[in-house]
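Subject: Two-chain model for your review

Dear colleague,

I am passing on the structure below, with notes on what was found in it. Please read the notes with the model open beside you.

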Amino acid sequence: MLRLEIVTPEKKVLDAEVDSVTVPTASGEAGLLANHAPVVSAMKPGILTYAVKGSVEKMVVAGGFVEMNNNKVSVLTDSAETAAEIDTEAAKAARESAEKELAANASSAIELTDVTREQLEAANARIQLAAGK
Amino acid sequence: MASLLDMRRRIKSVKNTQQITKAMKMVAAAKLKRAQDRVTAARPYAKKMTEVLSALSSNVADEFSHPLLDARGDGNYLVVLVTADKGLAGGFNANVIKASQAFIKENSDKSIDMVAVGRKGRDFFKRRQTTISEEYLGLTGRGTANYSDAADISAEIIKRFSEDESIDKVFLVFTEFKTVLSQKPVIEQLLPIPKIEASEEDAAATAEYIYEQPAAEIFGKLLPKQVETQIYRAMLESVASEQGSRMTAMDSASKNAGELIDSLTLNMNRIRQAAITKEIIEVVSGAAAL
């Protein structure tokens, strides 16, 4: 068992004992189990999964970072939503505007579109999770 | 001497005012509760953020350079002033405006640009020589502040700071919430980010972290978030202070109105008594004349 804590600047979204956590880190999906070594990683927008007693729960998280120490996983992110909380229409609109902006800035340096690409990833993750419920 | 009717009218009008101040006090108390909850809710995030940042900073080489960290000249300041949108909150707005005015006066040799968060600060400095390059109004009215608003403000400031070489330092002026009765205006340097010192305890506890990405990279990603968190905290504290200040101001206003009503009622009774006495004398002397 390990403790999962998801905090956003506005509130503590989740604080629960779980069996395993999978987080979308900047270098790919990473699974965390109990007694994992202390680790810090940047996180990109995506779907975070955690398992409690055989049932698997999913949440969309925006970028941020994840820290694990002493069997406690802390996820710090701008927002975290369950499938039920997602506004699909808003996510679709966000995806469209992000795609448009990317197309308009296609020739600019990759660092400049970082923020927009993150927005696109976040929108995609939201749509994916909402559709999968 | 005022007539009886005049006195009645005055008492009625003071009573109406008292009712309004009482209602405002209740509303402020409810909003204060909400604002305080928000401040508490924001704490775990800020705490973890500082912990990880200080752990990272001890892992990042000294020559690590980031636009948000590197010291620049000392000639051009940007002041971010957080005030309320509404008045009637005791000395709340005046205090924070006074603090920023003193700051501007102290640094009169620098060129100062201002970002106003809240209508009161904007209105005050608009009528003076200070240039206001950006204003954010109506964000704090409901007794809360949204993180997304803070993120927008911080994105704009970071963009200006990193693109525009003409800003050397960014300061944040806001009211710190201590208790309901005491709030203090504070001035903090926002950018470049003051050096984050790792406490020894933190450094010992975090020495053995595995960093999935290079520590410098994570550090660089977290710095803008730190700015966001700071602005968000400033807004939350300011909202809580505003409501606290309004609550105490309205409480004493209600008390004053009560005292005024008492003295007016006493006066009115005296006038009434005098009128009755006068009438009796008239009746008695009229009867004696018969």
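Val39(A) stands opposite Ile210(B), which lies in E6(B); strands here are DSSP runs of E with at least two residues, helices are runs of H or I with at least four residues, and both are numbered from the N terminus. This is a predicted model, in which local features need pLDDT of at least 70 and side-chain atom pairs count only at pLDDT 80 or more, whereas totals for chains, interfaces and linings use all residues. Residues are numbered from 1 along each chain as its sequence is written, and chains are lettered from A and ligands numbered from 1 in the order in which they are written.

The strands E5(A) and E6(B) (residues 210-211) run parallel and are joined by 2 bridges, where pairing requires that DSSP find at least two bridges between two strands.

The contact between the chains takes 19 residues from chain A and 19 residues from chain B, two residues being in contact if their C-beta atoms, placed from the backbone, lie within 7 Å. On the side of chain A that touches chain B, the elements giving two or more residues are strands E5 (39-43), E8 (64-69) and E9 (72-77) of chain A, and the largest share, 4 residues, comes from E5(A). By class, that side of chain A has 10 nonpolar, 5 polar and 4 charged residues, with Ala, Val, Leu, Ile, Met, Phe, Trp, Tyr, Cys and Pro counted as nonpolar, Asp, Glu, Lys and Arg as charged, and the others, Gly among them, as polar.

Within chain B, 5 strands form an open sheet of mixed pairing in the order E3-E2-E1-E4-E5. Strands E3 (131-136) and E5 (183-191) of chain B stand at the edges with a single partner strand each, so one side of each is left without a neighbour in the sheet. Between E1 (residues 76-82) and E4 (residues 169-177) of chain B, which run parallel, there are 5 bridges, and Val80(B) stands opposite Leu172(B) in E4(B). Helix H6 (residues 215-289) of chain B packs on the sheet, touching E1, E2 (111-117), E4 and E5 of chain B, and its direction makes about 35° with that of E4(B); axes are lines fitted to C-alpha atoms, for helices over the stretch in contact, and angles run from 0 to 180 degrees between N-to-C directions.

Leaving aside neighbours within four places in sequence, Pro185(B) is in contact with Asn95(B), Val96(B), Ala99(B), Val173(B) and Thr175(B).

With best regards
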